[in-house]
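Here is a short report on side-chain pairs in a protein chain. Look at the structure first, then read on.

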Amino acid sequence: VAHLLTGLEQQAQVQFDAALYNASAATLLRRITQTTGATNVLICAHNPGIGDLAQMLVTTAPDHPRFDDYPTAALTVIRLDADGWSGIRQGHCTDFVIPADI
């Protein structure tokens, strides 16, 4: 966690939630919607839940051949409109990378 925090321009609140370990997309989405007072949220979780969540949130999948099978250590950046957001298929994917891309 310390490595992640050193690259941020602002201080971040870190919460560890054991319920996210091997959680389903529905559980992850529920946790996101319970988050208040944050403009950015980073969720680290396991497949298949995190991959399913990414697919559930975006309006259009990124043009990347591995998005559908969401490999280990993949990262998706999704921009969401916080006002009136319900979560399902309303996010804009701004980036998607896998370890092989780096």
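A salt bridge is a side-chain nitrogen of Lys or Arg within 4 Å of a carboxyl oxygen of Asp or Glu. Side chains of opposite charge can pair when their charged atoms come close. This is a predicted model, in which local features need pLDDT of at least 70, side-chain atom pairs count only at pLDDT 80 or more, and totals for chains, interfaces and linings use all residues. Residues are numbered from 1 along each chain as its sequence is written, and side-chain values use heavy atoms, with hydrogens and water left out.

**Salt bridges**

The structure holds two salt bridges. One joins Asp-17 and Arg-31, with the closest N and O atoms 3.2 Å apart. This pair links distant parts of the chain, 14 residues apart. Asp-17 lies in the loop between helix H1 (2-6) and helix H2 (25-33), while Arg-31 sits in helix H2. Helices (H or I, at least four residues) and strands (E, at least two) are DSSP runs, numbered from the N terminus.

Asp-69 and Arg-66 also form a salt bridge, at 3.0 Å from N to O. How accessible are these side chains? Some terms come first: buried means under 20% relative accessible area, exposed over 50%, and partly exposed in between (1.4 Å probe, protein chains only). Asp-69 is partly exposed at 45% relative accessibility. Arg-66 is partly exposed too, at 31%. Asp-17 counts as partly exposed because its relative accessibility is 31%.

**Aromatic pairs**

A pair of aromatic rings is described by the distance of the centres and the angle of the planes. Rings of Phe, Tyr and Trp (its six-membered ring) pair if their centres lie within 6.5 Å; planes under 30 degrees apart count as stacked, over 60 as edge-to-face and the rest as tilted. By this rule there are three aromatic pairs.

The Tyr-70 and Phe-96 pair links distant parts of the chain, 26 residues apart. Tyr-70 is in the loop between helix H3 (49-57) and strand S1 (75-79), and Phe-96 is in strand S2 (residues 92-97). Ring pairs link Phe-67, Tyr-70 and Phe-96 into a cluster.

Tyr-70 has a relative accessible area of 7%. Phe-96 is buried as well, at 6% relative accessibility.
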